[in-house]
Amino acid sequence: MGGRKVTKIVCTGCGVSIQTEDKEKLGYAPPSSLEKEEIVCQRCFRLKHYNEVQDVSLTDDDFLKILNEIGRGEGLIVKVVDIFDFNGSWLPGLHRFVGNNPVLLIGNKVDLLPKSVKPAKLIHWMKFQAKQLGLKPVDVKLMSAAKGQYIQEAVEAIEQYREGRSVYVVGCTNVGKSTFINRVIHHVSGEEDIITTSHFPGTTLDMIEIPLDDGEALIDTPGIINHHQMAHYVDKRDLKYITPKKEIKPKVFQLNEGQTLFFGGLARFDYLAGGRRSFVCYLSNELNIHRTKVDNADELYQNHVGEMLQPPRKDDVDGFPELVRHEFKIKEGKTDVVFSGLGWVTINDEGATIAAHVPKGVSVFLRKSLI
């Protein structure tokens, strides 16, 4: 090579190294595209222009390697979570990787929660949850990357806590991390969508460095895939039914003992004992809720999953995991029964016995009520 430096070309959309040889492999771009000023890989191009998604071959180990690099670096770590799916979008082992770096926790998608929820109460709730999950953030902020709410506050907090160091933005797939970074870049520099964004899991593939004025960088890391999220069991075309795009309209059901609610064909909520009472469902407005009797529920599911009860679609029913039953006794008032990645049902008073059915592998649990 005679000492000539070969520069590595990376996709401006997802950060992966560009290659022109193998169409099937990550980072493929047609040779002709190398002439362009901004080079994007074919995957990003298709995602941006046709909303098509191609599956990715990065493993969990690849993600862990990237997280390890962050722990070795010095800087502020900005952890983005999805408020609507707080626990499903939480990175469980993050505190093991951060080293001595401070963590700023940002709750995205605040625009999805009913307007009656007060920001101060939400922040207090997030601090409490973070502590329960083993993380002590230096601060907690809210925002809506999609709508641009509270971006100014988020940018100011980043400036305050980075103290002249680089910033690593981390989060699970689908929390709106890249949208957030695009907002920050736009806020600071006026430039539009630099990073490819979509509602499909796993869009950012490698670290993307965005230079800051003082020679440090804002670094977008790949979204980490959380395998117990509902999104992994749903056809890509049906993600829109479970991933809300606008403010959730709570649905209230008065149930007698022995009644069941089906959330499409994805999950089921049985009310077993505790007298007549009301339950508030916080789920995507697009998802159909069907009420029936507990005694008929198994038969109804067998006969109608993929039709009246969908998603899943009819042609996906065979591959869809069986629903697993989890029984809970509600011991405190104001409790949420959380269906990871789908939403939650709020129970206002103690004393109810319920059963939640979710696909094998998806988590369901109780928490102190968010709203």
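# Structural briefing: strands, helices and loops of a predicted model

Lys-109 lies in the loop between strand S2 (103-108) and helix H4 (119-132). The structure described here is a predicted model. The secondary structure of the protein chain comprises 8 helices and 16 strands, and 51% of its 371 residues count as buried. Among contacts between residues at least 6 apart in sequence, 71% join residues at least 24 apart.

- Most residues other than glycine have a negative phi, and most peptide bonds are trans.
- Lys-109, a residue other than glycine, has a positive phi near 70°.
- Lys-109 has a relative accessible area of 15% and is therefore buried, the cut-off being under 20%.
- Glu-163 is likewise not a glycine and has a positive phi of about 45°.
- The loop that holds Glu-163 runs between helix H5 (151-162) and strand S4 (166-171).
- With a relative accessibility of 63%, Glu-163 counts as exposed, for which the cut-off is over 50%.
- The peptide bond from Gln-310 to Pro-311 is cis, its omega being near 0°.
- A cis peptide bond also joins Pro-311 and Pro-312, with omega about 5°.
- Pro-311 is located in the loop between H8 and S12, and Pro-312 is found in the loop between H8 and S12 as well.

**The sheet of 6 strands**

- This open sheet has the strand order S3-S2-S1-S4-S6-S5 and mixed pairing.
- Strand S3 (139-142) and S5 stand at the edges; each has a single partner strand, so one side of each has no neighbour in the sheet.
- From one strand to the next, the twist averages 20°.
- S2 and S3 run parallel and are joined by 4 bridges; within this pair, Leu-105 has Val-140 in S3 as its bridge partner.
- Helix H4 lies across strand S1 (75-82), S2 and S3, and runs at about 135° to S3.

- S5 runs antiparallel to strand S6 (residues 217-220), and 4 bridges join the two.
- Ile-210 has Leu-218 in S6 as its bridge partner.
- The hairpin of S5 and S6 has 5 residues between the strands, and in this hairpin Gly-215 takes a positive phi near 90°.

**The sheet of 5 strands**

- This open sheet has the order S11-S8-S9-S15-S12, and its pairing is antiparallel.
- Strand S11 (289-293) and strand S12 (323-329) are the edge strands, each pairing on one side only.
- The twist from one strand to the next averages 20°.
- S12 pairs with strand S15 (residues 353-359) in the antiparallel sense over 7 bridges; Arg-325 has His-357 in S15 as its bridge partner.

**Helix H8 and Val-294**

- Helix H8 lies across strand S8 (259-263), strand S9 (267-273), S11 and S12, and runs at about 125° to S11.
- Val-294 belongs to helix H8 (residues 294-304).
- Because its relative accessibility is 19%, Val-294 counts as buried, with the cut-off at under 20%.
- Not counting residues up to four places away in sequence, Val-294 touches Gly-258, Gln-259, Thr-260, Arg-268, Asp-270 and Tyr-271.
- Val-294 and Leu-272 are separated by 22 residues in sequence, and their C-alpha atoms are 8.2 Å apart in space.

- The model has 1 cavity of 30 Å³ or more.
- The largest cavity has a volume of about 170 Å³.
- Of the 17 residues that line the largest cavity, Asp-82, Asp-85, Asn-174, Gln-229 and Gly-341 are the closest to its centre.
- The lining of the largest cavity divides into 7 nonpolar, 7 polar and 3 charged residues.

How values were computed
Residues are numbered from 1 along each chain as its sequence is written. This is a predicted model: local features need pLDDT of at least 70, side-chain atom pairs count only at pLDDT 80 or more; totals for chains, interfaces and linings use all residues. Side-chain values use heavy atoms; hydrogens and water are left out. Buried means under 20% relative accessible area, exposed over 50%, partly exposed in between (1.4 Å probe, protein chains only). Contact means heavy atoms within 4.5 Å. Two strands pair if DSSP finds at least two bridges between them. Axes are lines fitted to C-alpha atoms, for helices over the stretch in contact, and angles run from 0 to 180 degrees between N-to-C directions. On a 1 Å grid over the protein atoms alone, a cavity is a set of points where a 1.4 Å probe fits but cannot get out, and a pocket is an open set with protein on both sides within 12 Å along at least five of seven lines; lining residues have an atom within 4 Å of a point. Grid points are joined across faces, edges and corners, and a volume is the space filled by probe spheres set on the points. Ala, Val, Leu, Ile, Met, Phe, Trp, Tyr, Cys and Pro count as nonpolar, Asp, Glu, Lys and Arg as charged, and the others, Gly among them, as polar.
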